Amino acid sequence: MRISLTMRQAALAVALGAAATVGGALIFEHVFGYVPCKLCLIQRNPYYIAIPLGLAAALLPPRYARAGLWLLALTFVVSTGLGAYHAGVEWGFFIGPSDCGGGSGAGAGNMGDFLNQLQTTRVVSCTQAAWRFLGLSLAGWNVLISLGLAAFAASAAARKGFRIGG
């Protein structure tokens, strides 16, 4: 089965893939309670850039869509590097940032609130994976997803007629 996509459709597919990926990270955070570390939050930035970029490329004329797809490919190459660095920190291959300890909570109104907040605040280290599936942490999965989106965007930008499948 073959599916033929235009560059605009490919750009929209990349934007949807980026939205689904960052949406999954937000679900892990807000539904399942996984608190992201500093590197986790930084890894979301390419996705936040790629969503509007992909939508813009999908709405623009084909020559701009091609440029948008190349920019999307570059964005996800950077995202791959960020994920690989974070996964390397988790595996002990690299030293992580000294200030990697998760996001701050809401500001306390008074000293009593502040002390109560300190008792319930959990500091998240960039060196420990909070969750793994098939041996990969979320940072590792980000590497694979980013590589896939980069390859998809570059392949779509490089061809006139882009096809998926055999």
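In the predicted model, Arg44 has a relative accessibility of 9% and therefore counts as buried. The side chain of Arg44 meets that of Glu29 in a salt bridge, with a distance of 2.8 Å from N to O. The two residues are 15 positions apart and link distant parts of the chain, since Arg44 belongs to helix α2 and Glu29 to helix α1. Glu29, at 21% relative accessibility, counts as partly exposed, because the limit for a buried residue is under 20%. A search of the whole structure finds one salt bridge.

The protein contains five helices and four strands. Along the sequence, these elements are arranged in the pattern β-α-α-α-α-β-β-α-β. Of the 166 residues in the protein, 31% are buried.

Helix α1 is formed by residues 7-30 and has 24 residues. From its first C-alpha to its last, helix α1 reaches 34 Å, close to the 34 Å expected at 1.5 Å a residue. The buried residues of α1 are Met7, Ala10, Ala11, Val14, Ala15, Ala18, Val22 and Phe28. An α-helix has 3.6 residues a turn, so residues three or four places apart point the same way. Ala25 is also found in helix α1, but with a relative accessibility of 27% this residue counts as partly exposed. In space, the C-alpha atom of Ala25 is 9.9 Å from that of Asn142, although the two residues are 117 apart in sequence.

The 29 residues of α3 should span 42 Å at 1.5 Å a residue, and the end C-alpha atoms are 41 Å apart, which agrees. Helix α3 is followed by Gly92, whose phi is positive, near 85°.

Helices α2 and α3 are also connected through an aromatic pair. The structure holds one such pair. The ring centres of Tyr47 and Phe76 are 5.3 Å apart and the ring planes stand at 65°, so the pair is edge-to-face. Tyr47 in helix α2 (residues 38-59) and Phe76 in helix α3 (residues 62-90) are 29 residues apart, and the pair thus links distant parts of the chain.

Val143 and Gln43 are 100 residues apart along the chain, and their C-alpha atoms are separated by 9.9 Å.

The UniProt annotation "transmembrane region", taken from an unreviewed entry, covers residues 41-60, 67-87 and 138-158. In the model, residues 67-87 are 100% helix and 0% strand, with end C-alpha atoms 30 Å apart. The span of residues 138-158 is likewise 100% helix and 0% strand, and its end C-alpha atoms lie 30 Å apart.

The cysteines were examined last. A disulfide is a covalent bond between the sulfur atoms of two cysteines. For a pair to be counted, the sulfur atoms must lie within 2.5 Å; by this rule the count comes to zero disulfides. Cys40 is in no disulfide, and the nearest cysteine sulfur, that of Cys37, is 3.4 Å away. Cys37 has a relative accessibility of 2% and so counts as buried, whereas Cys40, at 26%, counts as partly exposed.

Notes
Residues are numbered from 1 along each chain as its sequence is written. This is a predicted model: local features need pLDDT of at least 70, side-chain atom pairs count only at pLDDT 80 or more; totals for chains, interfaces and linings use all residues. Side-chain values use heavy atoms; hydrogens and water are left out. Buried means under 20% relative accessible area, exposed over 50%, partly exposed in between (1.4 Å probe, protein chains only). Rings of Phe, Tyr and Trp (its six-membered ring) pair if their centres lie within 6.5 Å; planes under 30 degrees apart count as stacked, over 60 as edge-to-face and the rest as tilted. UniProt positions are given in the numbering used here, feature names are shortened, and annotations may be inferred rather than shown by experiment. The expected span of a helix is 1.5 Å times one less than its number of residues. A salt bridge is a side-chain nitrogen of Lys or Arg within 4 Å of a carboxyl oxygen of Asp or Glu.
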